[in-house]
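Dear colleague,

I am passing on the structure below, and I would be grateful if you could look through it alongside the notes that follow it.

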Amino acid sequence: MKKSISLIMALLMVLMLGACTPKKPADQGSYSAVLYFANKEYVLTGNEELEKLIPEDRSIEVKENSFAKTLILELVEGPENQELVTLIPDTVKILDVSFEDTTANVNFSSEGLQGGSMQEAFTINQIVATLLELEEVDRVQFLVDGEKAESLMGHFDISKPFEQTI
C-alpha cells in the first residue's frame with residue numbers, strides 16, 4: 001500500500017512539474033511561427049489608411065539559438081513575401097532573449113544600434129508583435145548591453161516593457 005501511494009505521489013509530482021514548464025518550443029527543430037513585417041506600400045507611401053504591420057506565417061529552423069532569438073534573427077533577415085519588408089537594421093546585434101515570468105527581455109548590443117525614427121519604431125513594433133504571439137509572453141522589455149535604457153536609437157522610450165505595439 002505504501003509503495004502504491006509513493007508511486008502515485010511521484011507521478012503527480014512529475015505531472016505538476018510538466019504543467020509548470022513554458023509553452024514555447026524546444027530549442028532545436030522546425031517550427032511554425034508568425035512573424036510581423038512592415039507593409040512595403042505603407043513604408044513607400046506613408047498612407048495611414050494602410051496596415052503598418054502584416055503577419056507572415058513561416059516555418060523556421062531552430063539550430064544554435066533559442067526559439068525567441070531565432071524569431072528575431074528571422075525578422076532581421078527579412079520576409080519571404082515581396083510585399084513586405086523589414087526595417088530592423090542589419091547592423092543590430094541581438095545578444096540574447098531571456099524570460100522573466102511572462103516578460104521577454106530582448107538584449108541588444110549598443111554596437112550597431114543606429115537608425116531614424118521610422119526604423120526604431122518598426123524595430124520595436126516588429127519584435128513586440130512577433131514575441132506577443134508566443135503563449136508565454138505578455139510583455140517585451142528591451143535592454144541595451146544587459147541594462148534598461150532610455151531608447152534603442154534615440155527616438156522612443158524603451159524604459160518600460162511593451163504590452164502592445166506603439
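Buried is used here for a relative accessible area under 20%, exposed for one over 50%, and partly exposed for what falls in between, with a 1.4 Å probe and protein chains only. This is a predicted model, in which local features need pLDDT of at least 70 and side-chain atom pairs count only at pLDDT 80 or more, whereas totals for chains, interfaces and linings use all residues. Residues are numbered from 1 along each chain as its sequence is written, and side-chain values use heavy atoms, with hydrogens and water left out.

With helices (H or I, at least four residues) and strands (E, at least two) taken as DSSP runs numbered from the N terminus, the protein has 4 helices and 7 strands, arranged along the sequence as α-β-α-β-α-β-β-β-α-β-β. Of its 166 residues, 39% count as buried. If a contact means heavy atoms within 4.5 Å, then 62% of the contacts between residues at least 6 apart in sequence join residues at least 24 apart.

D145, in the loop between β6 (139-144) and β7 (147-148), has a phi near 55°, a positive value in a residue other than glycine, and it is partly exposed, with a relative accessible area of 42%. D101, in the loop between β4 (94-100) and β5 (103-108), also has a positive phi, of about 55°, although it is not a glycine; at 76% relative accessibility, D101 counts as exposed.

As for the aromatic rings, those of Phe, Tyr and Trp (its six-membered ring) pair if their centres lie within 6.5 Å, and planes under 30 degrees apart count as stacked, over 60 as edge-to-face and the rest as tilted. The structure holds 4 aromatic pairs. The rings of Y31 and F67 have centres 5.5 Å apart and planes at 75°, so this pair is edge-to-face; because Y31 lies in strand β1 (residues 29-39) and F67 in helix α3 (residues 67-77), the pair ties together parts that are 36 residues apart in sequence. Y31 and F67 are both buried. The rings of Y42 and F122, with centres 6.1 Å apart and planes at 55°, form a tilted pair, and since Y42 belongs to helix α2 (residues 40-45) and F122 to helix α4 (residues 117-131), parts 80 residues apart in sequence are tied together. Y42 and F122 are likewise buried. Finally, ring pairs link F108, F142 and F162 into a cluster.

With kind regards
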